[in-house]
Amino acid sequence: MPKRTRSTIRRTLVTAAVAALTAAFLTPAAARAAGPQESRPVYSYADAVRESVWVDTGLDEDGDGRTDRVAADIVRPAEPARQGRKVPVVMDASPYYSCCGRGNESQRKTYDAQGRVVQMPLFYDNYFVPRGYAFVGVDLAGTNRSDGCVDVGGRSDILSAKAVVDWLNGRARAYTSRTGGTPVTAGWTNGRTGMIGKSWDGTIANGVAATGVKGLRTIVPISAISSWYDYYFAQGAPLYEGGPDELAGYVESADAQAHCAAVQRKLADGSPRSGDWTPLWTERDYVKDAAKVRASVFLVHGMQDLNVRTKHFGQWWDALARHGVERKIWLSQTGHVDPFDYRRGAWVDTLHRWFDHELLGYDNGIDREPMADIERHPDQWVTSAAWPPRGTRAAVLHPAAGDQAGVGTLGPRPGTGTESFTDDPALSETDWAAHLTTATPEKAGFLTAPLTRDLRLSGSSTVTVTATPTTGSAHLSAVLVDVGPDTIRDYADRAEGITTLAERSCWGGSTAGDSACFKETAAKTAPVDYTVVSRGWADLGHYAWPARGVPLTPGRAYTITLDLAATDHVVPAGHRLALIIAGTDKDLIDPPSSRPTLTVDLSRTTATVPLVGGAGAFARATSGSAGAPAPRALDGVGAPGTVRHVPVG
C-alpha cells in the first residue's frame with residue numbers, strides 16, 4: 001500500500017465531504033438515510049417510571065352523580081424526562097386486564113402496595129420503553145380500577161379510551177386518585193400516540209380512530225371488530241346465543257356490576273335477537289365513520305378467525321381505502337391468534353419499525369415496502385405491493401346443474417333449472433365440504449373443472465341466491481371451498497393453529513415482577529383434502545331491508561345477496577374451486593325457528609368473486625376437461641365447534 005501523507009489524507013477527507021454534501025443535495029433518499037433508522041434500547045427498563053392516573057371522561061354512566069374516571073397505568077423511561085425530552089406513547093385500552101388476562105399466557109396487571117403497576121401484560125412495555133417510548137395500559141370504563149359501565153363498543157367504551165389520548169395531548173383532565181386527588185398533566189409526552197391491541201382491545205383502537213381524535217397517529221388492530229352488529233349477526237342470522245349485555249357482565253368489575261344494571265338493560269333492549277338493525281348498532285358501527293380517521297392503520301387478522309370473523313377486516317379495509325388512509329396488512333392462516341404467537345421475530349421487528357416510522361418520524365422505508373404480508377402455507381409468507389393486488393377484478397360465476405342432483409358445476413355461463421336442499425341444523429360446513437362430490441339432502445354443491453393454472457382470490461366475495469322456502473323462516477349459508485390436498489394450519493383446534501412450547505424467548509427488559517420472556521410456539525398443522533376459503537350467512541327474511549326482517553311466504557321466491565368474508569387464497573392448478581349453498585352452518589349461525597326445504601333457482605343465482613386477473617384468469621384456469629369428480633368422502637379440519645362469544649385472546 002502506498003504511503004499516505006497528512007496533506008493527502010486532508011485532501012481525501014475534503015473531497016469526500018464535498019462529494020457527500022453534493023450527493024445529499026442531488027439525492028433526497030441519501031439525505032433521508034443519514035437520519036435515525038431505528039430506536040435503540042438505551043434506556044433502563046428497571047428504572048422506568050411507573051405511575052397511575054385517573055382520566056376524567058366527562059360521562060356519568062354509573063349514575064353516581066360524578067363524572068367517571070378511567071385508570072391509565074403508565075410505564076415510561078426516566079431518562080428522557082430528566083433530559084428535557086418528550087416521548088411518544090404506545091397504548092392498549094382493554095377490558096381484560098383483571099378479569100381474563102391478555103396474550104397466550106393470560107397475563108393480568110399486578111400492583112405493588114402503593115398501587116403502581118408491577119406486571120404489565122404482553123411485551124409492549126418491556127420492548128418499547130427501553131427504546132424511548134412510554135406504554136399506557138388503560139382499563140376501559142367499568143373494568144378493573146376504572147369508574148363507569150361497560151357498554152360493549154359504545155360511547156362509554158370509546159370515549160373512555162379517547163379521553164386518555166386527549167389527556168396525553170393536553171385536552172383532558174387527570175388525577176392521582178380515583179376520587180379526589182391532585183390534578184396531573186402529561187408533560188413527559190409529545191402526545192403522539194399509537195394504539196394497539198387484539199380483539200376487543202383492537203376494536204377500541206378502531207373506534208377511537210373513527211372519532212378523528214388529534215394526536216392518535218397510528219393504530220394496530222389485531223383480529224378486531226369493525227361493526228358490532230356483524231359480531232352478533234350476519235345479515236339477520238344470529239351468530240351466537242346471547243348479546244352484548246351478557247358480554248358486559250363478563251368483564252365488569254364488582255363495582256360496575258353493582259351500579260350498571262340500567263346500562264345492561266339498555267344493551268339487552270337495543271339488541272333484539274331478531275337480527276334487526278337498531279340505533280344501538282349504528283352507534284357501534286365504526287365503518288360508517290372511516291372518513292374521520294386521521295391515523296394510519298396496520299391491520300392484522302387470521303383468515304380462519306371464527307370468533308371475530310374476517311368480514312370485519314374486509315369492510316374496514318375497504319372503507320379506509322376509499323378515504324385514502326395509509327394502510328398495511330398481515331393475513332395469516334390462523335384463527336383468533338396474535339402474530340406474536342405465529343410469526344414472533346418478524347412481527348416484533350415489523351411493529352418496531354412501524355412505530356419508529358409513525359411515532360418517531362424515522363424514515364426507515366417501511367412505508368415503501370409491500371403493503372401486504374400473506375401466509376400462503378404454514379410459516380411460508382408472500383408479499384403484495386398492494387392489497388388486493390392490482391389487476392384484481394370481480395368475476396361473476398354461475399352454478400349449474402350437473403349429472404347428479406346436488407353436485408353441479410361452477411363456471412362462466414348462466415345455469416338453468418333448480419337445486420333443492422333441506423336445512424339440517426346438526427351439520428356444518430365441514431360436513432357439507434366432506435361430501436361435496438356426493439349428493440346429500442342438506443346442501444347443494446357446485447365445482448369447477450380441475451384448474452390448469454393457479455387462481456388467486458383476493459378480497460371480499462358475494463353470492464346472490466334466489467330461493468323458494470317451504471316455511472315462514474329460513475337461514476342461508478354460502479361457502480367457497482378449495483378442493484384438493486394441502487397441509488394447512490389446524491384452525492379448528494382449540495389453539496386455532498398454534499402449539500405452545502415449553503421454551504421461552506425474551507423481548508426487552510425484565511424486572512422481578514415483569515418478565516420479557518414468553519413461551520415459544522409452533523404451527524399446528526393438519527393434512528386436508530379441502531380448505532374452506534370464505535363463508536357468508538344471512539336470514540332470508542332480511543332479503544329486502546337489512547334493518548328489518550319479515551316472515552316469509554312459503555312457495556314464494558326471494559332473492560338475497562350474502563356478503564362473504566374477505567380472504568386471500570390461491571387455488572392451485574389441479575384443484576377445484578367449489579361453491580356450497582346450504583342452510584344452518586352448525587355452531588357458526590343459529591338455526592331458524594323452522595326447518596325449511598329451499599329450492600334454488602340456478603338461473604338467478606351467482607357468485608361474484610375477486611380474482612387476480614378477473615374473469616379472464618378464471619377462463620384460462622378452467623379451460624381443461626371438466627370431468628366429474630369421483631364420489632368420495634373428503635377429509636378436512638374438525639368441525640368449527642362452539643366458540644364462546646367473547647372477543648378475547
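Biologist: Which residues count for local features, and how are they numbered?
Modeller: The model is predicted, so local features need pLDDT of at least 70 and side-chain atom pairs count only at pLDDT 80 or more, while totals for chains, interfaces and linings use all residues. Side-chain values use heavy atoms, with hydrogens and water left out, and residues are numbered from 1 along each chain as its sequence is written.

Biologist: How many helices and strands does the protein chain have?
Modeller: Helices (H or I, at least four residues) and strands (E, at least two) are DSSP runs, numbered from the N terminus. By that definition the protein chain has 30 strands, and its helices number 15.

Biologist: What radius of gyration does the protein chain have?
Modeller: The radius is taken over C-alpha atoms, and the globule rule is 2.2 Å times the number of residues to the power 0.38. For 649 residues a compact globule would come near 26 Å, and the value for the protein chain agrees with this: 27 Å.

Biologist: What percentage of the residues in the protein chain is buried?
Modeller: Buried means under 20% relative accessible area, exposed over 50%, and partly exposed in between (1.4 Å probe, protein chains only). Of the 649 residues in the protein chain, the buried ones make up 58%.

Biologist: How many disulfides are there?
Modeller: A disulfide is a covalent bond between the sulfur atoms of two cysteines. Here the rule is a pair of cysteine sulfur atoms within 2.5 Å. Cys 99 pairs with Cys 100, Cys 149 with Cys 260, and Cys 506 with Cys 517. The count is three.

Biologist: Is the disulfide of Cys 99 and Cys 100 left-handed or right-handed?
Modeller: The sulfur atoms of Cys 99 and Cys 100 are 2.1 Å apart. Cys 99 is partly exposed at 26%, whereas Cys 100 is buried at 15%. The torsion about their S-S bond is about -90°, so the disulfide is left-handed.

Biologist: How many residues apart are Cys 149 and Cys 260?
Modeller: Both Cys 149 and Cys 260 are buried, and a disulfide joins them with an S to S distance of 2.0 Å. Cys 149 is in the loop between β6 and α5, and Cys 260 in the loop between α9 and α10; the pair links distant parts of the chain, 111 residues apart.

Biologist: Which strands hold Cys 506 and Cys 517?
Modeller: The sulfur atoms of Cys 506 and Cys 517 are 1.9 Å apart, and with 100° about the S-S bond the link is right-handed. Their pair ties together parts eleven residues apart in sequence, because Cys 506 lies in β23 and Cys 517 in β24.

Biologist: Which elements do the buried residues of α12 pack against?
Modeller: Helix α12 covers residues 311-322, and its buried residues include Phe 313, Trp 316 and Leu 320. With contact taken as heavy atoms within 4.5 Å, the buried residues of α12 pack against α6, α7, β12, β13 and β27.

Conventions:
Expected span 1.5 Å × (residues − 1).
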